[in-house]
Amino acid sequence: MERVVLGLSGGVDSAVAARLLMQRGFEVVALYLDIGTGGEEAAEQAARELGIDFHVRDIRPQLEKHVCAPFAGGYLRGETPNPCVICNPTVKFPALFALADELGARYAATGHYARCRGGRLFMGEPENDQSYMLAFLRTEQLERCIFPLGGMNKSAVRALAEQFSLSAAHRPDSMEICFVPDGDWAGFIERRGAVPPEGDFITPDGAVIGRHRGIHRYTIGQRRHLGISAGRRVFVSAIDPERNTVTLSDGDALYVSRAAAEGANWLMPKPEGSFECGVRVRHSRGLSSAVVTAADGGFVMEFDRPVRAPVPGQAAVCYVGGEVVCAGTICAEK
């Protein structure tokens, strides 16, 4: 019987993934990744219900180095990093592979809604697709991955959890950043000792129209919780950490026809010229048609139609025929 190490969180997705792997004849070993925010009991309960071995690894040092510190640093630079995109290739999957190597297992599995075959990554069902979050996994990592829920949607997974009599069937989905469970990312950054000063809200032409509470509290495209009465709907359209300003403008200023990404992760051979593809510039269902050209370790995207607010620090993921071609981190074009 082939052994596989499964990341078991205690939620419905990983619990059902474990049961499906068992049905396929795998010996499943569960690994709970401890980040110090609780949840181990639910994962251990799921492992008992499934009758599988249960392991725990404290990943707080790795999470701090590779995810938390870059996350906080990104906000201090006026960016909006996506921690899950960073964590998967640098912390989560390396931890799964490390236990797999200890136990002589080739594969690791998770409850992500995506598909992979032979080191290639594909979309899952559109309703729940999470390939965006996995797009920075390297080919050699994907070659060791199994995603049992890739062809399913959430309602079917919950129905299976009921059928399998798993207590996780009615557990709510976790939507927060795992290491910021209260959702207050600004408070998380401030508790680390980094408290950016107040500064000016300005218009695109530089006129001061109010005071902001620190650039770490804002992200491009934000409209709510600005704490300013402008007499009309305004959005954050630029953040300048050097001048400590936040620019507010109407929504039209957020749309761009061109954007750049750095730190490209190519999951298919890098093309010599440009290619047409669909691009996601945030974790959403929609794809924007674009022509992409590799450049300076990253790539440039020219969109068929203007795209709203590609945010520095977020991932841009390129797809052809449902397959991930490459991913990079949105940046200012050089």
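Hi everyone. The model you see is predicted, so local features need pLDDT of at least 70 and side-chain atom pairs count only at pLDDT 80 or more, while totals for chains, interfaces and linings use all residues. Residues are numbered from 1 along each chain as its sequence is written, and side-chain values use heavy atoms, with hydrogens and water left out.

Let's begin with the sheet. Helices (H or I, at least four residues) and strands (E, at least two) are DSSP runs, numbered from the N terminus. Two strands pair if DSSP finds at least two bridges between them. Here five strands make an open sheet with parallel pairing, in the order β3-β2-β1-β4-β7. At the edges sit β3 (53–58) and β7 (145–146), each pairing on one side only. What packs on this sheet? Helix α1, residues 12–23, does, and it touches β1, β2, β4 (107–109) and β7. Its direction makes about 170° with that of β1. For such angles, axes are lines fitted to C-alpha atoms, for helices over the stretch in contact, and angles run from 0 to 180 degrees between N-to-C directions. Helix α2, residues 40–50, lies across β2 and β3, at about 160° to β3.

Now look closely at β1. Strand β1 (residues 3–7) and strand β2 (residues 27–34) run parallel and are joined by five bridges. Is Leu6 buried or exposed? Leu6 counts as buried, because its relative accessibility is 0%; buried means under 20% relative accessible area, exposed over 50%, and partly exposed in between, with a 1.4 Å probe and protein chains only. Among the residues Leu6 touches are Ala17, Leu21, Val29 and Ala109. Leu21 is 15 residues away from Leu6 in sequence, and their C-alpha atoms are 9.2 Å apart.

On to the cores. A nonpolar core is a set of buried Ala, Val, Leu, Ile, Met, Phe, Trp, Tyr and Cys residues joined through side-chain atoms within 4.5 Å. The largest one has 46 residues, and Phe93, Leu121, Phe147, Phe179 and Val317 have the most contacts inside it. Helix α4 (residues 83–103) gives the largest share of this core, nine residues. A second, separate core has 29 residues, including Val12, Ala18, Phe26 and Met152.

What about cysteines? A disulfide is a pair of cysteine sulfur atoms within 2.5 Å, and this structure holds zero of them. For Cys145, the nearest cysteine sulfur belongs to Cys116, 5.4 Å away.

Last stop: a hairpin. Strands β10 (residues 235–240) and β11 run antiparallel, joined by five bridges. Four residues lie between them, and Asn244 in the turn has a positive phi of about 60°. Thr247 is in β11, residues 245–249, and Ala238 stands opposite Thr247. Thr247 is buried, with a relative accessible area of 11%. Leaving aside residues up to four places away in sequence, Thr247 touches Ile202, Thr203, Pro204, Phe235, Val236, Ser237 and Ala238.

Terms used. Contact = heavy atoms within 4.5 Å.
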